[in-house]
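My notebook is open, and I want to look around this protein one spot at a time. Here is what I have on screen.

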Amino acid sequence: MYMDFNLFMGDIVESARNEITQAGYDELKTPEEVQEALSKKGTTLVMVNSTCGCAGGVARPAAASAVHYDKRPDQLVTVFAGQDREATELARQYFEGYQPSSPSFALLKDGQIIKMVERHEIEGHSPVEVVNKLQGLFEQHCEEV
């Protein structure tokens, strides 16, 4: 049995992209889009998407659920590690003090990093645990909508 790896991975990537954009996150595919989005005033949640099965399978549902909360970021965006490399690279420059990690979440305010939820805080945890971490950050740093 022959399987075209690129075709297989393309389906996985497309599914992962759709899952997060359907949850209300704006996809940033270019450095210019990252620069524009992350320089805005207010709070921004950046979801660093990934095809990593275990952690990605927790992070994407958590990203979708976490935003159903009284307090949440002004802006929801995503970059895709391993796919949109230049956009992800530029986004990671905003995550000063944190090593590259995917999947992960970064909460920024006025373009400055407040806190990250890194892969090691996602992998091996349930989506509900990750939602609780994110909503705890929203409670501390975001306004009620």
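Before I start: helices and strands here are DSSP runs, numbered from the N terminus. I also jot down that this is a predicted model.

Entry 1: I looked up D110, which sits in the loop between β4 and β5. D110 has a positive phi of about 50°, although it is not a glycine. Is D110 buried, partly exposed or exposed? I got a relative accessibility of 35%, so D110 counts as partly exposed.

**Entry 2: a cis peptide.** Next I went to the loop between α4 and β4, where I found P103. The peptide bond joining S102 and P103 is cis, with omega at about -5°.

Entry 3: I122 itself is in the loop between β5 (112-117) and α5. Its relative accessible area is 0%, so I122 is buried. I also checked I122 against G56: they are 66 residues apart in sequence, yet their C-alphas are 8.5 Å apart in space.

Entry 4: In soluble globular proteins, nonpolar side chains tend to be buried together. So I went looking for that here. The largest nonpolar core has 23 residues, and I122 is among those with the most contacts inside it, along with Y25, L45, M47, F105, V130 and L134. Which elements each supply at least two residues of this core? I noted β2 (43-49), α3 (53-66), β4 (104-109) and α5 (127-141). The biggest giver is α3, with six residues. There is also a second, separate core of 17 residues, and V34, V48, V77 and M116 are in it.

I then looked up M47 on its own.

**Entry 5: two helices side by side.** Last, I checked helix α2 (residues 31-38) against helix α4 (residues 85-93). Their axes come within 8 Å and cross at roughly 30°. Angles under 35 degrees count as roughly parallel, so α2 and α4 are roughly parallel to each other. The crossing is right-handed. Where they meet, I see P31, V34, Q35 and L38 from α2, and E86, A87, L90 and A91 from α4. I sorted these contact residues into six nonpolar, one polar and one charged.

Definitions and conventions: Residues numbered from 1 in each chain as written. Predicted model: local features only at pLDDT ≥ 70, side-chain atom pairs only at ≥ 80, totals over all residues. Heavy atoms only, no water. Axes fitted to C-alpha atoms, helices over the stretch in contact; angles between N-to-C directions. Helix = DSSP H or I, 4+ residues; strand = E, 2+ residues; numbered from the N terminus. Parallel < 35°, antiparallel > 145°, perpendicular 65-115°, else oblique. Left-handed = near helix turned anticlockwise from the far one by under 90°. Contact = heavy atoms within 4.5 Å. Nonpolar A, V, L, I, M, F, W, Y, C, P; charged D, E, K, R; others polar. Core = buried A, V, L, I, M, F, W, Y, C linked by side-chain atoms within 4.5 Å. Buried < 20%, exposed > 50% of the residue type's maximum accessible area, 1.4 Å probe, protein only.
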